[in-house]
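Hi everyone, thanks for making time for this.

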Amino acid sequence: MALVGAIGWATLALSRGEEVSAAWMLAAALGSYAIAYRFYSRFIANRVLKADKNRATPAERLDNGVDFHPTDRRVLFGHHFAAIAGAGPLVGPVLAAQMGYLPGTIWLVVGVIFAGAVQDMVTLFFSTRRNGRSLGQMARDEIGPVGGIAALVAVFIIMIILLAVLALVIVNALAHSPWGVFSIGMTIPIALFMGVYLRILRPGRVSEVSVIGVALLLLAIVAGGWVAESSWADFFTLEPGTLVIWMVVYGFLASVLPVWLLLAPRDYLSTFMKVGTIALLAVGVVVALPTLKMPSVTDFATNGQGPVFAGSMFPFVFITIACGALSGFHSLVSSGTTPKMVQKETQIRMIGYGAMLTESFVAIMAMITACIIDPGLYFAINAPVGVIGDSVQSASQAVAGFGFTITPDALAQAAKDVEEASLLSRTGGAPTFALGMSEIFSAVIGGTAMKAFWYHFAIMFEALFILTTVDAGTRVGRFMLQDMLGNAYKPFREVSWKPGVWFASAVVVGGWGYFLWVGVHDPLGGINQLFPLFGIANQLLAAVALAVCTVLLVKSGRLKWAWVTAVPLAWDVAVTLTASWQKIFSDDVKVGFFAQRDKYQAGIDAGEVLAPAKSMDDMRTVVTNSTVDGVLSALFALLIIVVLVDAGRVCYKAIRDPESVKLHEAPYVESRLVAPASLFATKEEKAELRAAGVGPEGGIRKEPVETGSRT
Amino acid sequence: MTVADVRRVAGRIRWYVRELTGESTYDRYVAHARAHDPEARVMTRRAFERSRTDAREADPREGFRCC
């Protein structure tokens, strides 16, 4: 394994000026994951956390058969993976590919091993020890009210930005695409039908309704192709601005409709599609083994003038690739649902660390899909319209300016192959990913003729779970807002008080809707401006989670091992604060929000219109957006500093006076449950299961009859 | 591979899918209730599935998915 990994890395690193097979990237990543899982995660489980197989987990102690119940490790791995993996790991790597495949790949692999998977695993462990307390609650309990409130506010604002950026990805992919709009639109009636089926016709028959749903979905994709060629095409050809309005209306309605009608069935559908497509993609990459056409490192890594996002490799690669390497959002899943279902503390390694390694692998595949398409085409798709213009000729010229070549004809042909009017400036990552995926799939099944189908299949698959996230995220945001407003006016906390629900939903939808609107109309390019903010926000949340983990390691007498989370925390803080600093103070108008603002304000004062703005209105839009984005960057940096200072204070106190430490751990109860720790049971574990008289999924030890008094 | 092997593998797959989709939650709930009191009154499947989705209404953080 080590050898395979080493050869993979060597080939990736040493190849100069020639195309490398994606197989090497897979070998490097998988080899590294295997070593990390075998050694580092075991070290964390046994030496640092001291996971105890004799200690009962909350699932065993509080088993109520519904939310607390010991769940088979392989099932829980599936649940946990489906909950952490979404559109994020597919988008970030695609954008980061502008710096070449190497920087992003190294960060994905090194980041997940030493930061991302560690964060997920340690958070899961500590939350399990606290009966599944959420990250926010742990911050409040273990750090204090100030850090706790800062963490809560951070989560809320991050949620708004996250939803706006994800929605923007979808809008960019669906604009002027009747095929896409029709297919995605059809998911709503399909989901409604599934909801009624599950509620009224055959309650709880999830697999059968999911199979029906997926079949209908595939039909909707095929039908999209017919619609695009029919006289209805005009009706489904929408401007980005119109799509924003639809998204906002959808977001509001979806979040106030009952869960069973739209959210729950959509969730089943998107999970089904997600797991299926990712498995299919893995098989496709292995079978097709495409070559990487993107250089290993491009000039944009050093000069910071990249059209996809501005700024140099440090810190912006590490900001752009969040999910897949280190994602703060996972700490919300790792503290909440999963810890209430873990059978054994020893399984946390496989579930927390293992699932995150799998997500990183998904991100590696996204990186591959972005790097196998022609670099010229990649930049034409991902550069904002203000940079490359709106014709294939101007785009071809602009791409030549970046140092790559693609003819106008090739650009037109690429769009024609997937039956889109144009692929220029389809920023946000989804179309690039879809194009790469269609290339891989069509190489395996169907050839060029199937390209358009696979492209729209990929768009649909991303759009489906982004819309699910928009719905679920709006609900979570509303819930948090209602909770906060409840402090001022009690009825807000009542989920059945409709005016409160409507008001809070409208505020949340209005929040992300504002950024979405701005993102679509920003002359500088929405993804370009907003994605760094999203990345900073996500990494900020990771900093909160890692800070909570570090405090807990110190407080629980594991000071010697605190570096396990403190080192990734230090790195994450360095990245986040450097990025924030540059976003706030940089003189480079492409990077610094306030420098941008000053430049365009000066333009307005002098009565000049500066490109890429086309009118005075555009100029004012830039000024407003830059100001809002700059203020948000400053707010994020401030929040992170508050949490860190508070965490530092608690650590200092715990080291100075270990007697004063108060941990909020649930007391030790001896476990009566037997279950293997890893995917495959070892010989000893099998013997133990047999002796306990339980099946391979584990269970409560059967007591001999004469000592059965304990039950 | 014998027929018995195929049946065993198919059975494991069916078990895994039912666990993953939550279809087996109702059976588990009934088993749980019966384990404590064989005479316990249990909800019908319809009522149980309703109460489960409605609980998500009350606290949407349960089952939240990530970006």
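Let's begin with a pair of helices. Helix H17 of chain A, residues 348-372, packs against helix H22 of chain A, residues 430-444, at an angle of about 85 degrees, and their axes are 8 Å apart. Angles from 65 to 115 degrees count as roughly perpendicular, so H17(A) is roughly perpendicular to H22(A). Please keep in mind that this is a predicted model.

Which residues meet there? From H17(A) we have A:Ala366, A:Thr369, A:Ala370 and A:Ile372, and from H22(A) we have A:Thr432, A:Phe433, A:Gly436, A:Met437, A:Glu439 and A:Ile440. Sorted by class, this contact of H17(A) with H22(A) has 6 nonpolar residues, 3 polar and 1 charged.

Now a second pair. Helix H8 of chain A, residues 145-174, and helix H24 of chain A, residues 498-521, have axes that come within 8 Å and cross at roughly 45 degrees. That makes H8(A) and H24(A) oblique to each other. H8(A) brings A:Ile160, A:Ile161, A:Leu163, A:Ala164, A:Ala167, A:Leu168 and A:Val171 to the contact, while H24(A) brings A:Gly511, A:Trp512, A:Phe515, A:Leu516, A:Gly519 and A:Val520. How many of these residues are charged? The contact of H8(A) with H24(A) has no charged residues, with 11 nonpolar and 2 polar. As for handedness, the crossing of H8(A) and H24(A) is right-handed.

Let's zoom out to the whole chain. Chain A has 29 helices and 4 strands. Its C-alpha atoms fill a box of roughly 85 × 60 × 55 Å along the principal axes. For 711 residues, a compact globule would have a radius of gyration near 27 Å, and the 25 Å of chain A agrees with that. Of those 711 residues, 59% are buried. And if you take contacts in chain A between residues at least 6 apart in sequence, 80% of them join residues at least 24 apart.

Finally, the partner chain. The contact takes 39 residues from chain A and 27 residues from chain B. On the side of chain A that touches chain B, the elements giving two or more residues are helix H4 (73-84), H8, helix H10 (206-229), helix H16 (330-334) and helix H23 (451-485). Which of them gives the most? H23(A) does, with 6 residues. By class, this side of chain A has 21 nonpolar, 14 polar and 4 charged residues.

Key. Residues are numbered from 1 along each chain as its sequence is written. Chains are lettered from A and ligands numbered from 1 in the order in which they are written. This is a predicted model: local features need pLDDT of at least 70, side-chain atom pairs count only at pLDDT 80 or more; totals for chains, interfaces and linings use all residues. Axes are lines fitted to C-alpha atoms, for helices over the stretch in contact, and angles run from 0 to 180 degrees between N-to-C directions. Angles under 35 degrees count as roughly parallel, over 145 as roughly antiparallel, 65 to 115 as roughly perpendicular and the rest as oblique. A crossing is left-handed if the near helix is turned anticlockwise from the far one by less than a right angle, and right-handed if clockwise. Two residues are in contact if their C-beta atoms, placed from the backbone, lie within 7 Å. Ala, Val, Leu, Ile, Met, Phe, Trp, Tyr, Cys and Pro count as nonpolar, Asp, Glu, Lys and Arg as charged, and the others, Gly among them, as polar. The radius of gyration is taken over C-alpha atoms; the globule rule is 2.2 Å times the number of residues to the power 0.38. A residue is buried if 20 or more other C-beta atoms lie within 10 Å of its own, exposed if 12 or fewer, and partly exposed in between; C-beta atoms are placed from the backbone.
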